[in-house]
Amino acid sequence: MGKFNGHFYPGLYLFSFGLYQAIVVSKAMIFSDSLLFPSCHPKNKERWTKLWKISFGGLVKVATGSILTAYVVLCLDDGMVLMDKQVPPRFMYPKEWQHLTMFILLILIGCVDIMSKNLLPQRCVVLEKGVLALTFYVLLLLLVSHTQISAGVELHVHALLILVVFLLMLVLAAELWAPDSFHLWLIETFLFLTMGSWLMQAGFILYRPVTGYPWQDDDINDVMFVTTFFCWHVMFNASCLLGLYGLASFWFHCYRPSLTLMRSKEAPYPVSTPEPLDKLLQEVEPPERDDQPLFLSKNSP
């Protein structure tokens, strides 16, 4: 599993998830909508209400984690053996067991999403964010241990990946207190894009270099260009996020104006102010003030 496929396909999934979340965040920012409880389209409020509320993201996470877990188990000829039969026994396949743990965590996140959105009487956002932050904390520990037997280019590639996971863990922890913040969601989306694209790039650097020749650990130029490529990924993902927001804004304002009209129709009507009552009181008060002095003048000595 620790080969090209083990880096490329998980990276492709993370990058695709980042693209989807970028579109969701862009739409929410354009319409000033909630990220956690987006407004439902009027056509889906009656017949398709239950289908609309299904956690498709949780189902995709469970399915993806299950496929990757099955691939880890089946890619080994003798199966996932924990320890050998020698004396003293030794642990077997440490990297594969770490990959298996990562994919099981992905299944756990999907199950929590489904439970929170479809099984609990009320959605628990703190539970979703807490499990996600805890998962990336465990992922950070696994990646740090993953680099113990690495050196040179491979160590540098994984060190940059650890940096992205560490920043993502901090953002997810901050979302426990501000789960509906646009700024945190934008940073989270950018880090997901960077993590996914860099994982795919790591597969090509370590196992399928474009030149056909492996990278040299003792060449300082190769190590320096790893950082240069990572900076290119950062700029590319930032431009991708900005471009998706621009395309989404252009699409929803030019080709989908009906959405804006529907939102304006659903807005509550303004409450009438009690100005006519004040005017009536003002019209009634002057005669009373005029009559009062006349009444006093008649009874005065």
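Helices here are DSSP runs of H or I with at least four residues, numbered from the N terminus. With that in hand, welcome to this structure, which is a predicted model.

## The chain as a whole

The protein chain contains ten helices and zero strands. The chain has 301 residues, and 37% of them count as buried. Its exposed surface comes to about 19,100 Å², with carbon and sulfur atoms supplying 68% of that area. Among contacts between residues at least 6 apart in sequence, 75% join residues at least 24 apart.

Let us begin with α3. This helix has 19 residues and reaches 27 Å from its first C-alpha to its last, close to the 27 Å expected at 1.5 Å a residue. Which residues of α3 are buried? They are G58, K61, V62, T64, G65, L68, T69 and V72. An α-helix has 3.6 residues a turn, so residues three or four places apart point the same way. The buried residues of α3 pack against α1 and α4.

Next comes S116, which lies in helix α4. Is S116 buried or exposed? S116 counts as buried because its relative accessibility is 1%, and the cut-off for buried is under 20%. Leaving aside neighbours within four places in sequence, S116 is in contact with Q122, R123, C124 and E128.

The last stop is A248, found in helix α8. A248 has 9% relative accessibility and so counts as buried. Which residues does A248 touch, not counting those up to four places away in sequence? A248 touches S26 and I30. Although A248 and S26 are 222 residues apart along the chain, their C-alpha atoms are separated by 6.5 Å.

## Empty spaces

Rolling a probe the size of a water molecule over the atoms shows where empty space is left. A search of the whole structure finds two cavities of 30 Å³ or more. The largest cavity is lined by 25 residues, and L14, M102, F103, L139 and M195 are the ones that lie nearest its centre. The elements giving two or more residues to this lining are α1 (4–31), α3 (56–74), α4 (94–119), α5 (125–146), α6 (152–174) and α7.

Which element gives the most to the lining of the second largest pocket? That is α7, with three residues.

The table sets out the volume and the lining classes of these spaces.

| Space | Volume | Lining by class |
|---|---|---|
| Largest cavity | About 490 Å³ | 18 nonpolar, six polar and one charged residues |
| Second largest pocket | About 180 Å³ | Eight nonpolar, two polar and one charged residues |

## Putting the views together

Some helices turn up in several places on this tour. Helix α3 has buried residues that pack against α1 and α4, and α1, α3 and α4 are among the elements that give two or more residues to the lining of the largest cavity.

Conventions
Residues numbered from 1 in each chain as written. Predicted model: local features only at pLDDT ≥ 70, side-chain atom pairs only at ≥ 80, totals over all residues. Heavy atoms only, no water. 1 Å grid on protein atoms, 1.4 Å probe; cavity = no way out; pocket = protein on both sides within 12 Å on 5 of 7 lines; lining within 4 Å. Points joined across faces, edges and corners; volume = space filled by probe spheres on them. Nonpolar A, V, L, I, M, F, W, Y, C, P; charged D, E, K, R; others polar. Buried < 20%, exposed > 50% of the residue type's maximum accessible area, 1.4 Å probe, protein only. Contact = heavy atoms within 4.5 Å. Areas by Shrake-Rupley, 256 points an atom, 1.4 Å probe, with all protein chains shown as cover. Expected span 1.5 Å × (residues − 1).
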